[in-house]
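Me: Let's go through the cavity and the ligand site, and check each label against its definition.

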Amino acid sequence: MGTNDISILAIESSCDETSASIIVNGKVLNNIVATQSVHEKYGGVVPELASRAHQENLIPVIHEAISTSGISKEQLTAVAFTRGPGLMGSLLVGVSFAKAFARALDIPLIDVNHMQAHVLAHFIEDPKPSFPFICLTVSGGHTQLVLVRDYLDMEVIGETQDDAVGEAFDKTAKLLGLPYPGGPLVDQYAKEGNPKAFAFPVTRMPGLNYSFSGIKTAVLYFLRDQLQENPNFIGENLPDLCASIQYTLIEMLLIKLKDAVKQYGVREIAIAGGVSANSGLRATLTELARRKGWNLYIPKFEYCTDNAAMIAMAAHYKYLKGEFVGMDVTPLAKMKF
Ligand code: KG4
Ligand code: ZN
């Protein structure tokens, strides 16, 4: 380690994953993640339990990130943290630790926007998209189309006006009696089902925006009617139901992505966020990209779900631009780019 090296500890604590990562000169050395299982029995993330679990997990996770990196904490040149968007109590745990650590080591603080970091996860490993590209960020909390002009120059060109697509997966899964989070289970059952078995409405919002709350209601009423006729309807049709719901959600995602590509004339396409693990979305998008001649980028699953490596990547670019924050920085539950 020379005096010009940039080594950053990054912390992610916006929702229900506690994560820490060390990045040296733009190369991510590790990505330690503690997943909170406490929420499963409640069918969703319970904010108060999430912040308590962050308090328990944060120091062990940071300790592991530093001790497996091969550098000492005295060699760190900055501390980065997720400032928002996210759950206020969860964010506070990460921000407070980062401030104390930066003060103790007398090194600068870097605040990172979680959604910008999801996009920058594409720069952790090769192949990397070239600018400008369009990133479809799909998770349990967000659904956004982002035009990325440069590492820190991004614009949200479309986003959901209500539920995120991951929420639509999880809420419809719940109606089918599946445990939380239902997205991965819908994906599994869908593989055995017919996507055209049942037709659910495709919601079309103006411009490049999305709405995913309608499908939840459509599935609710559809199941209510079917169950009146046949109480075993769900059990007898689970794969077809999952395949049809998934098909509709993918359709909605891709209609706007195609519109965005047309509007901006960009052929570099990336996806990010937990829902990009969905095998139906991956297959449909891969085929679409092949037909349209787009270059498609899908990061490793570890970097799609919430993780500190993506925060570290964003922090590295902010460090290069000298974008630091003072000790008076506060977390933001809602945060724009
Ligand atoms: O990015 P993420 O790990 O956390 C945030 O929400 O920030 O995304 C979690 C979301 C959940 O809604 C989960 O059900 C969904 O991603 N998900 C999936 C799959 N794997 C995770 N949805 C559909 N198919 C999957 N294979
Ligand atoms: Zn996220």
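Reply: Start with the cavity. On a grid over the protein atoms alone, a cavity is a set of points where a 1.4 Å probe fits but cannot get out, and lining residues have an atom within 4 Å of a point. The model is predicted. Its largest cavity is lined by V202, T203, R204, N209, Y210, S211, M252, I255 and K256.

Me: What makes K256 a lining residue of the largest cavity?

Reply: Lining takes an atom within 4 Å of a grid point. K256 is on the list for the largest cavity, so it meets that cut-off.

Me: How does the lining of the largest cavity divide by residue type?

Reply: There are 4 nonpolar, 3 polar and 2 charged residues.

Me: How much space lies in the largest cavity?

Reply: About 50 Å³. The structure holds 1 cavity of 30 Å³ or more.

Me: What about G183 and D187?

Reply: A backbone N or O atom of G183 is 3.4 Å from a ligand 1 oxygen. For D187, a side-chain N or O atom lies 2.9 Å from a ligand nitrogen.

Me: How much of ligand 1 does the protein cover?

Reply: The protein covers 87% of the 550 Å² of accessible area that ligand 1 has on its own.

Notes: Residues numbered from 1 in each chain as written. Chains lettered and ligands numbered in written order. Predicted model: local features only at pLDDT ≥ 70, side-chain atom pairs only at ≥ 80, totals over all residues. Heavy atoms only, no water. Polar contact = N/O pair within 3.5 Å; in protein donor to acceptor, adjacent residues only side chain to side chain. Areas by Shrake-Rupley, 256 points an atom, 1.4 Å probe, with all protein chains shown as cover. 1 Å grid on protein atoms, 1.4 Å probe; cavity = no way out; pocket = protein on both sides within 12 Å on 5 of 7 lines; lining within 4 Å. Points joined across faces, edges and corners; volume = space filled by probe spheres on them. Nonpolar A, V, L, I, M, F, W, Y, C, P; charged D, E, K, R; others polar.
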